[in-house]
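Let's walk through this protein together, with the model open in your viewer.

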Amino acid sequence: MAGDQPHRRLTDLARKHGSDVMSLQLGELSHIVISTPEAAKLVMKTHDVAFASRPYLLAADVLYYGCKDIAFAPYGDHWRQMRKLCTLELLSARRVESFRRIREEEVSNLVASLTAAAGKPVDLGRMLSTVTSTITSRAAFGKAQELNDDFLMVVDNISDVLAGFRISDLYPSLKFLPSLTGFKSKLEKMRKASDSVLDRIIDDHKARRSMAGSKGGDGDGHGRKEDLVDVLLNLQENQEDLGVPITTDVIKAITLELFIAGIETSTTTLEWIISEIMKNPRVLQKAQQEVRQVFGDESSLDQLNYLDMVIAESLRLHPPAPLLVPRENVDQKVKLISYDVPINTSVIVNVWAINRDPRYWKEADRFIPERFMDCSIDHKGTDFHYIPFGAGRRRMCPGVSFGLAIVKLILANLLFHFDWTLPDGQKSVNMTESFGVTLRRQHALHLIPVSHGGVP
Ligand code: HEM
């Protein structure tokens, strides 16, 4: 199913049968698929608590140390504790603001690399992935880590293995399947690769902290800012305040997840925005005009209203997580419209279908940023026909500000400093999608940056 673009197939099925809620038996597992804003509201608002858990996934179990992360952790004390930590500490507005200098430095490095390559085709997707990875790495680990090829293999493959539609995911009682298909050894190889990098990072932090005799703060006493690993180590050292212990595995799981989430979602979002504006020269010109009139540094980002609309429209058409992360009702049956959802049902919310619902969006498949003009829709998940970050008090994305801060700053710089053209012989941008837990471009995004007149 994964190779067949399930978000599109499920959309076609729902429209054909006019269904808000579809029941789907995949292998041994019962699923329901939610395809309209009305049904999404019931799942993510009315019955948010009942559907707050996640179905078991072998890949998350292996890669996140027994689901000690946030996104794949079952609903319970561990998830509650980590989610609170994320909202109040790791991804709070104050913390996101504290990473501003990191963002600005790395984006100016990107501009310098593009200036050096001006006039020639560049693999822009690869460069975007590098800059988002460096920003996230510095925010999470304190410095841009030298990530070996094995770790980069983990980054490249994780979205695919977490998508959850493999034959071994769908037949959990056939315990031999993951070994037989080679999936288990692939996961173990990935875990070994990420584990050794995470161990090294944590050991470095511990050594630096004990040398400085400090519990975090400015870390090494040389003005180094507190990073996400420091925050987690501080909490580990002060366990008495916590209901759930912060073990080293928890630190590794959370760090890996935030690192991957920061790279995958921001890179995917940027790639689709740029693909869309390359196909829509009118939008490109209008966005560029605005940016070149008002943009100076991160503090002027707030004034880029048209750019906000461009980002929102791209997230509508290309939500990075098109089927969200599935939910599950572990301890109660729920009635959804006229459908009784039995306990332990996986709930797939088809955001891709919802964000293109023709009852809410005129010319729903077209890229028209102006539709967001004078409209109150935001990224908080309050309007259920626009939910690229999910919705609900429990499982909605806690990284909205972190992600949008990166996306908007990079985009503004790309438009401010460069004009963009397609490589010779290429007539249009290929928009083929590659399905995983995030929906990426299938083909590399090669473009030519042309330095904008007189700007170095
Ligand atoms: C444009 C950027 C982003 C988009 C579109 C996005 C989208 C999403 C979506 C759709 C979900 C699932 C929500 C649900 O199941 O209802 C999610 C969950 C999550 N996201 Fe994001 N995300 C973005 C950036 C980030 C960033 C930068 C981070 C952290 C560095 C992050 C961390 C998380 C976490 C930890 C969860 C799991 C929440 C939970 O299950 O409690 N996200 N995100």
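Here, a residue is called buried when its relative accessible area is under 20%, exposed when that value is over 50%, and partly exposed in between. Keep in mind that you are looking at a predicted model. With that cut-off, Glu-370 counts as buried because its relative accessibility is 19%. Glu-370 has a charged partner: Arg-282 forms a salt bridge with it, and the closest N and O atoms are 2.9 Å apart. Arg-282 sits in helix H14 (residues 281–294) and Glu-370 in the loop between H16 and H17, so this pair ties together parts that are 88 residues apart in sequence. Arg-282 itself is partly exposed, with a relative accessible area of 46%.

Between helix H16 (351–354) and helix H17 (400–417) you will find Cys-397. Its SG atom is the single protein donor to the iron atom of the ligand, at 2.3 Å.

What lies around this cysteine? Two or more lining residues come from each of H4, helix H7 (124–141), helix H8 (149–161), helix H13 (248–279) and H17. Helix H13 gives the most to this lining, with 10 residues.

Pockets, unlike cavities, are open sets of points. The largest pocket has a volume of about 970 Å³. Its lining counts 34 residues, and His-379, Val-400, Ser-401, Leu-404 and Ala-405 lie nearest its centre. Helix H4 (77–90), helix H5 (93–98), helix H6 (100–116), helix H15 (305–317) and H17 each supply at least two residues to the pocket lining.

Helix H17 also carries His-417, which counts as buried because its relative accessibility is 14%. His-417 is 395 residues from Met-22 in sequence, and their C-alpha atoms are 48 Å apart in space.

Now back to the charged contacts. How many salt bridges are there? The count comes to 29. One of them joins Arg-8 and Glu-433, with the closest N and O atoms 2.9 Å apart. Arg-8 belongs to helix H1 (residues 6–17) and Glu-433 to strand E9 (residues 433–434), so the pair ties together parts that are 425 residues apart in sequence.

Another salt bridge brings together the side chains of Asp-160 and Arg-166, at 3.0 Å from N to O. Both ends are partly exposed, Asp-160 with a relative accessible area of 32% and Arg-166 with 25%. Elsewhere, salt bridges link Arg-101, Glu-105, Glu-106 and Arg-138 in a network.

Finally, turn to the surface. Leu-174, Phe-176 and Leu-180 make a nonpolar patch of about 310 Å² there. Leu-180 lies in helix H10 (residues 177–180), and its 65% relative accessibility is why it counts as exposed.

Conventions. Residues numbered from 1 in each chain as written. Predicted model: local features only at pLDDT ≥ 70, side-chain atom pairs only at ≥ 80, totals over all residues. Heavy atoms only, no water. Patch = residues over 30% accessible without salt bridge, like charges linked within 9 Å, V, L, I, M, F, W, Y side chains within 5 Å. Areas by Shrake-Rupley, 256 points an atom, 1.4 Å probe, with all protein chains shown as cover. Salt bridge = Lys/Arg side-chain N within 4 Å of Asp/Glu carboxyl O. Helix = DSSP H or I, 4+ residues; strand = E, 2+ residues; numbered from the N terminus. Buried < 20%, exposed > 50% of the residue type's maximum accessible area, 1.4 Å probe, protein only. Donors = N, O, S within 2.8 Å, 3.2 Å for Na, K, Ca; no water. 1 Å grid on protein atoms, 1.4 Å probe; cavity = no way out; pocket = protein on both sides within 12 Å on 5 of 7 lines; lining within 4 Å. Points joined across faces, edges and corners; volume = space filled by probe spheres on them.
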